[in-house]
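Please read them beside the coordinates.

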Amino acid sequence: MRTPLAWLPALLAAILPGTSLSLTLSEAHALARAHNPELAQARLELQALQAAEQQAGARPSPELGVLVEDSRAATRSTTLHWAQPIELGGKRAARQAAAGFAREQAAVALAARDADLTAGVTAAFHEGLGAQAQ
């Protein structure tokens, strides 16, 4: 069975070619955090939801339209219209609250993935120390 951190030795060998693979626990944590694709995905998802929360607070844009009827200059009529949507019933506040909750969930998911990664790296590090001692 493959462990979730089976990629770590290959990554270390690629990052530190020609050197011995001796590193501290904090260095192992830093390398894992910097190169873990799941953690990177969670960070990007959090950034996207932060942007969505900011966008949820924006007011609707006005609309400007032009309608030209008939192609002959003598009988042509041109209509210009402008519309500004007005939100009623707390729609904007509800949109902001929903986006805020989604962002908070993403932040908790990021923290959980970081904690899982830290636990896995710590376990793998201590397994490696035990194997070295034997």
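1. The chain contains 4 helices and 2 strands, and from the N terminus its elements follow the order α-α-α-β-β-α. Helices (H or I, at least four residues) and strands (E, at least two) are DSSP runs, numbered from the N terminus. The model is predicted: local features need pLDDT of at least 70, side-chain atom pairs count only at pLDDT 80 or more, and totals for chains, interfaces and linings use all residues. Residues are numbered from 1 along each chain as its sequence is written, and side-chain values use heavy atoms, with hydrogens and water left out.

2. Of the 134 residues in the chain, 17% are buried. Buried means under 20% relative accessible area, exposed over 50%, and partly exposed in between (1.4 Å probe, protein chains only).

3. Among contacts in the chain with a separation of 6 or more, 61% are between residues 24 or more positions apart. Contact means heavy atoms within 4.5 Å.

4. The largest nonpolar core has 12 residues, among them L31, L46, L110 and F125. A nonpolar core is a set of buried Ala, Val, Leu, Ile, Met, Phe, Trp, Tyr and Cys residues joined through side-chain atoms within 4.5 Å. At least two residues of this core come from each of helix 2, helix 3 and helix 4, and helix 4 gives the most, with 5 residues. A106 is also a member of this core; leaving aside residues up to four places away in sequence, A106 touches L46 and L49.

5. H29 is placed in helix 2 and is buried, its relative accessible area being 14%. Which residues does H29 touch, not counting those up to four places away in sequence? They are T118, V121 and T122. With T122, H29 also makes a side-chain polar contact of 2.9 Å. A polar contact is a pair of N or O atoms within 3.5 Å; within protein, one must be able to donate a hydrogen and the other to accept it, and residues adjacent in sequence count only if both atoms are side-chain atoms.

6. There are 4 salt bridges in the structure. A salt bridge is a side-chain nitrogen of Lys or Arg within 4 Å of a carboxyl oxygen of Asp or Glu. One of them joins the side chains of D114 and R33, at 2.7 Å from N to O. That pair links distant parts of the chain, with D114 in helix 4 (residues 91-133) and R33 in helix 2 (residues 25-35), 81 residues apart. D114 is partly exposed at 23% relative accessibility, as is R33 at 30%.

7. Another salt bridge joins the side chains of E53 and R103, at 2.4 Å from N to O. E53 lies in helix 3 (residues 37-56) and R103 in helix 4, so this pair ties together parts that are 50 residues apart in sequence. E53 is partly exposed at 25%, and R103 is partly exposed at 23%.

8. R72 and D70 also form a salt bridge, with their closest N and O atoms 3.3 Å apart. Is R72 buried or exposed? R72 counts as exposed, at 55% relative accessibility, whereas D70 is partly exposed at 32%.

9. R59 sits in the loop between helix 3 and strand 1 (63-69) and is exposed, at 62% relative accessibility.
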